[in-house]
Structures are given as structure tokens and as C-alpha cells.
Amino acid sequence: WFLLSTRYEIHLLVHSFNKDLNDSDRPSFMEKDLGFYYNRYYKKTFSFKSYNAKDLAGLIELIQDTLAVNKETSFLEPVLSEDTPIANFVKLTEEHRRDRQ
């Protein structure tokens, strides 16, 4: 459940940031700002250690179908569209759980 909520929260965070900022030059934020904006939007601290990851690359391995990093700009980008049903996140998390076993 923890990975499911993280997957969905980060998806919403990246989309919400883009909508709130409404700036075509800055559609998202960089890895170094993830903890700040996660805390700003959800009032919770964010730590890669919670996912047994050393950095963002480790977290992306777990949620690669939800979050990506733009190679040119280094901005975080959502992989799924804004209107993706919540049920899809449950399916993706369950599929990934089966793959890890």
C-alpha cells in the first residue's frame, strides 16, 4: 500500500505543480526539489530511505511506469496522463509487486 500511495501522490504532485505554476518554461521541478514540494503539497517528509533507495534513480526503478526524468532538462515528468483512473495505479503496483517476487 505504501508504494501505491507514493506512486499516486507523486503522479498528482507533478501534475498539480504544472497546473499551479502554469509556466511553459518550467513544466516541473528537479530531483533536488522533490522533498520540498512533497512536503509543501502533502505536509509529509519525503525520504528515499523509506523505499530502500539511495537516490531518485532507485525510486524510479520502483515506479518507472509513473515517473520519469527528462534527460535534457532534468525535470521530473509524469508518465501517465492527468486523468488516469486510480484503478490503473492499483494494477501497476500489483504487477510490479509480482515482478519483484
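**Notebook: a first look at the model**

I began with confidence: the mean pLDDT of the protein is 90, and 98% of its residues reach 70 or more. pLDDT is the predictor's confidence in each residue, from 0 to 100. This is a predicted model, in which local features need pLDDT of at least 70 and side-chain atom pairs count only at pLDDT 80 or more, while totals for chains, interfaces and linings use all residues. I number residues from 1 along each chain as its sequence is written, and side-chain values use heavy atoms, with hydrogens and water left out.

I checked the elements next. Helices (H or I, at least four residues) and strands (E, at least two) are DSSP runs, numbered from the N terminus. Confidence is lowest in helix α4, residues 86–100, with a mean of 84. It is highest in α2, at 95.

**Entry: the core**

I looked up the largest nonpolar core and found 20 residues in it. Such a core is a set of buried Ala, Val, Leu, Ile, Met, Phe, Trp, Tyr and Cys residues joined through side-chain atoms within 4.5 Å. Buried means under 20% relative accessible area, exposed over 50%, and partly exposed in between (1.4 Å probe, protein chains only). I10, F29, L34, F46, L56, L59 and L67 have the most contacts inside this core. At least two of its residues come from each of α1 (2–21), α2 (34–42) and α3 (56–62). α1 gives the largest share, five residues.

I then followed L59. Leaving out residues up to four places away in sequence, L59 touches I10, F46, F48, Y51 and A53. Contact here means heavy atoms within 4.5 Å.

**Entry: α1 against α2**

How do α1 and α2 pack? I read an angle of about 90°, with the axes 11 Å apart. Axes are lines fitted to C-alpha atoms, for helices over the stretch in contact, and angles run from 0 to 180 degrees between N-to-C directions. The two helices are therefore roughly perpendicular, a label for angles of 65 to 115 degrees. On the α1 side the contact uses E9, I10, L12, L13, S16, F17 and D20. On the α2 side it uses L34, Y37, Y38, Y41 and Y42. I sorted these residues into nine nonpolar, one polar and two charged. Ala, Val, Leu, Ile, Met, Phe, Trp, Tyr, Cys and Pro count as nonpolar, Asp, Glu, Lys and Arg as charged, and the others, Gly among them, as polar.

**Entry: single residues**

I found N22 in the loop between α1 and α2. Its phi is near 50°, a positive value in a residue other than glycine. N22 is exposed, at 67% relative accessible area.

S74 sits in the loop between β1 (67–69) and β2 (76–78). Phi of S74 is near 65°, again positive in a residue other than glycine. With a relative accessible area of 36%, S74 is partly exposed.

From K71 to N18 I read 18 Å, C-alpha to C-alpha, across 53 residues of sequence.

S5 is partly exposed, at 29% relative accessibility.

Terms used:
Parallel < 35°, antiparallel > 145°, perpendicular 65-115°, else oblique.
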